[in-house]
Amino acid sequence: MLHRRPLACLFQLVLGIVLLAFSGPARAQESSDIFTVKDVAVDVTADNAAAARDRAITEAQRKAFAELYGRLSPVPGARPPELSDLEVARLVQDFEVQRERSSAVRYLATLTVRFRPANVRTLLQDKGASYVEVRSRPVLVLPVYQSSGNPPVLWEDRSAWRAAWENFPPPQGMVPIVVPYGELTDIADVSAATALEGDTGGFNAIAERYGASDVLVAVLGVRGAEPDPSQPNTVRLTRYSPDGSKRSDTVTVPAAPGQTVDAYLAGGVAAVVRSLDEKWRQANTVAAGPEQTMQVAVPIARLDDWVQTKRRLSQVPTVTRADLMSLTRTAARVELTYRGTPEVLATALSQQDLELTEAPPLDQAAAQAGLPAVPGTVAAPVSVLGPAGQPIGVYQTGPVWQLRWAGSQASGPVGRTFR
């Protein structure tokens, strides 16, 4: 005889399975590209080829760590801590020889060195060093060129300014840059005029297509027909974010007498990229110190909402644990262990389309009773008294932070909106 299990019982069974599956620590899938250093060149001479190779590998690991430290440090040009060769080697996960040449006493090579993220973090924490490891989502750049007496140019002609952006090597910092190809769809989405106006619809379409987050309109205005390297120029920047905000800034391209126009503009691109990277580092520095915890409510409409949220949490490097405390049909309650401040955490989560916001107490009656709710904390159970002072129950305020995944059925309309 076939027995049909009631839906309520079936949900309890699924709930138990999910709690078992997700109650353990969340091991983050590391952002390995940040901890990988490519194109490390070494040239070592020793008594024989084997000794030269061994010394070259040790030197490559040390050079790679110095570059990695400069990448993670919020201070430009910061010197790495003094470490022995053995201490550096313990940070290395593996290395790959890209190119090599050798003779009887000499070894020349270019290597890729990959570091162990957890070991590097522990070292930085032990040394009391602040660091940045959350990488920004790609920023799409629209390079608008405007010479005196002429209309602005974006796609209409391949200006030297756009060519400088197209030829610029991919930055190794924390802000990836995307430059559109200038295909028909790009031209249809945004023109030079609408880029200067801040066209929301066009930005939305072109950013979606290139997998970018923010859109940066970089306007280079020059006197005369073309830039004069002997004179400084100013690049006007307007950055549009998906949440509807925009920020304006300027970057000065210093005079470089004797340089070609191409080299001069390449320096201008480098100055803009450097400015973007520095601002990102300033806003996302993880200070040395103990880990913190925060309990959050994750609204869900179906089990997959929580599964997807859990997967995205595993991609956030500042989150070291994500423990599932409880799960119901409408919400998951999660305790996050993380490094840095809540503001840095919120930015890191947003790179995975997770929005962290303050949430009101779960029970409005408790708020009317005057129970406290401190953002980022969970209050102890409190007895709720009736009008005559008699106890009428116990109230737990629950999480006052809320975490939403952009694609969740419980998070409202999905999609990017530039206001």
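Analyst: **From a loop to the sheet**

Aspartate 353 lies in the loop that links α11 (342–350) to β12 (354–358); helices (H or I, at least four residues) and strands (E, at least two) are DSSP runs, numbered from the N terminus. Before we go on, please note that this is a predicted model, where local features need pLDDT of at least 70, side-chain atom pairs count only at pLDDT 80 or more, and totals for chains, interfaces and linings use all residues. Residues are numbered from 1 along each chain as its sequence is written, and side-chain values use heavy atoms, with hydrogens and water left out.

With a relative accessible area of 32%, aspartate 353 is partly exposed (buried is under 20%, exposed is over 50%, partly exposed is in between, with a 1.4 Å probe and protein chains only). Aspartate 39 also has a positive phi, near 60°. Its place is in strand β1 (residues 36–45), and aspartate 39 counts as exposed because its relative accessibility is 53%.

Now for the sheet. Its 5 strands run in the order β5-β4-β6-β7-β8, forming an open sheet with mixed pairing; two strands pair if DSSP finds at least two bridges between them. At the edges are β5 (177–178) and β8 (246–253), each pairing on one side only. Strands of a sheet pair through backbone hydrogen bonds, either parallel or antiparallel. You can find both senses here. Strands β4 and β5 pair in the parallel sense, over 2 bridges, and leucine 140 stands opposite valine 178 in β5. Strand β6 (residues 215–222) and strand β7 (residues 233–240), by contrast, are antiparallel partners over 6 bridges. For one example, follow valine 215 across to its bridge partner in β7, tyrosine 240.

Helix α5 (residues 160–167) touches β4 (139–147), β5, β6 and β7, where contact means heavy atoms within 4.5 Å. The direction of α5 makes about 155° with that of β4; axes are lines fitted to C-alpha atoms, for helices over the stretch in contact, and angles run from 0 to 180 degrees between N-to-C directions. Helix α9 (residues 261–283) touches β5, β6, β7 and β8, and its direction makes about 135° with that of β8. As for β4, this strand is mostly covered: 8 of its 9 residues are buried.

Buried residues turn up in other elements too. Tryptophan 405 belongs to strand β15 (residues 401–405) and is buried, with a relative accessible area of 10%. The C-alpha atom of tryptophan 405 is separated by 7.7 Å from that of aspartate 305, although the two are 100 residues apart along the chain.

Our last stop is helix α2 (residues 49–72), which holds glutamine 61. Glutamine 61 counts as buried because its relative accessibility is 11%. Leaving aside residues up to four places away in sequence, glutamine 61 touches Val88, Ala89, Val92, Phe95 and Phe115. The same helix has a helical neighbour: the axes of α2 and helix α4 (residues 117–126) come within 13 Å and cross at roughly 70°. Where they meet, Phe65, Leu68, Tyr69 and Leu72 in α2 face Val120, Leu123 and Leu124 in α4.
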